[in-house]
Amino acid sequence: LEAAMPSTTDNDGDNELSERERRARAAMARFGKKGEIETTSSPLKAQEDDFIDDWKLVTPSEDDIDELVECITEAKESDSYDDKDTKAWAADLVDNVRNWRGLANADSDVVLAQLNNQNIQAETVERWIEVAQQRSIEEIMLEILDGDQDALDCLMDKAHSSTPKDLSFWYASPGMLLETLTKGDDEVKSCTWTETDVKRWASRAKIAVNALPWLDLYLTPV
């Protein structure tokens, strides 16, 4: 399954930049917040991974009904439901699913059981979850990269590795990834990353994929 990153219209570059900045700020705002749900019990063990990092992937636990409304709205096909339905379903979910990161991790049957409208189809709920996953990937990547939007842009444009699964493949060859990211740069000073940085990113990507199996479905579009 491809199409990992959420997209905006090609002819609206300003809106795309604004949306990317908003998501970067949202991801950074969630770093270190109390009440987050720990997704991994521990980082990779020393005998499995000689690069030790105390980073853990967490699922934010704050309620954000607007995020749920966005996912449900984006997943709508034709006139299958209206704004009133969308807001009602988001209200049904917010106490348990909470936000799009929670929706991304949810099972469709569990989501269905929380909806008051029992006429909704499982396929519809699965579309909501897929949209939530696509929106969550960039946030998770920014957490892996400590909020470095420039690193994410380079991983996407130069290494075609803007998803945790793709990034995890580079763990065994961090030097090659660093060379790929800096290749063609006219200004050497523009690169502030080291081989240690990129290996840390790849290690964290492995942790994320191990924690959330759905991340294994998403590859960077070529």
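## Helix packing terms

Axes are lines fitted to C-alpha atoms, for helices over the stretch in contact, and angles run from 0 to 180 degrees between N-to-C directions. The model described here is predicted.

## H2 against H6

H2 and H6 pack with their axes 8 Å apart, at an angle of about 125°. The two helices are therefore oblique to each other. Their crossing is right-handed.

H2 brings Glu67, Glu70, Cys71, Ile72 and Glu74 to the contact. H6 answers with Trp128, Val131, Ala132, Arg135 and Glu139. By type, the residues of this contact are 5 nonpolar, no polar and 5 charged.

## H6 against H7

The axes of H6 and H7 come within 9 Å. They cross at roughly 115°. This crossing is right-handed.

From H6, Glu138, Met141 and Leu142 take part. They meet Gln149, Leu152 and Leu155 of H7. The residues of this contact split into 4 nonpolar, 1 polar and 1 charged.

## The largest nonpolar core

The largest nonpolar core holds 51 residues. Leu103, Trp128, Ile144, Leu155, Leu181 and Trp201 touch the most other members. Several helices each supply at least two residues, among them H2 (65–74), H6 (122–144), H7 (149–157) and H10 (195–211). H6 gives the most, with 10 residues.

## Around Trp128

Which residues are in contact with tryptophan 128, leaving aside its neighbours within four places in sequence? They are Cys71, Ile72, Ala75, Tyr81, Trp89, Leu93, Leu103, Val111, Leu115 and Ile120. Trp128 of H6 also belongs to the contact with H2.

How values were computed. Residues are numbered from 1 along each chain as its sequence is written. This is a predicted model: local features need pLDDT of at least 70, side-chain atom pairs count only at pLDDT 80 or more; totals for chains, interfaces and linings use all residues. Side-chain values use heavy atoms; hydrogens and water are left out. A nonpolar core is a set of buried Ala, Val, Leu, Ile, Met, Phe, Trp, Tyr and Cys residues joined through side-chain atoms within 4.5 Å. Buried means under 20% relative accessible area, exposed over 50%, partly exposed in between (1.4 Å probe, protein chains only). Helices (H or I, at least four residues) and strands (E, at least two) are DSSP runs, numbered from the N terminus. Contact means heavy atoms within 4.5 Å. A crossing is left-handed if the near helix is turned anticlockwise from the far one by less than a right angle, and right-handed if clockwise. Ala, Val, Leu, Ile, Met, Phe, Trp, Tyr, Cys and Pro count as nonpolar, Asp, Glu, Lys and Arg as charged, and the others, Gly among them, as polar. Angles under 35 degrees count as roughly parallel, over 145 as roughly antiparallel, 65 to 115 as roughly perpendicular and the rest as oblique.
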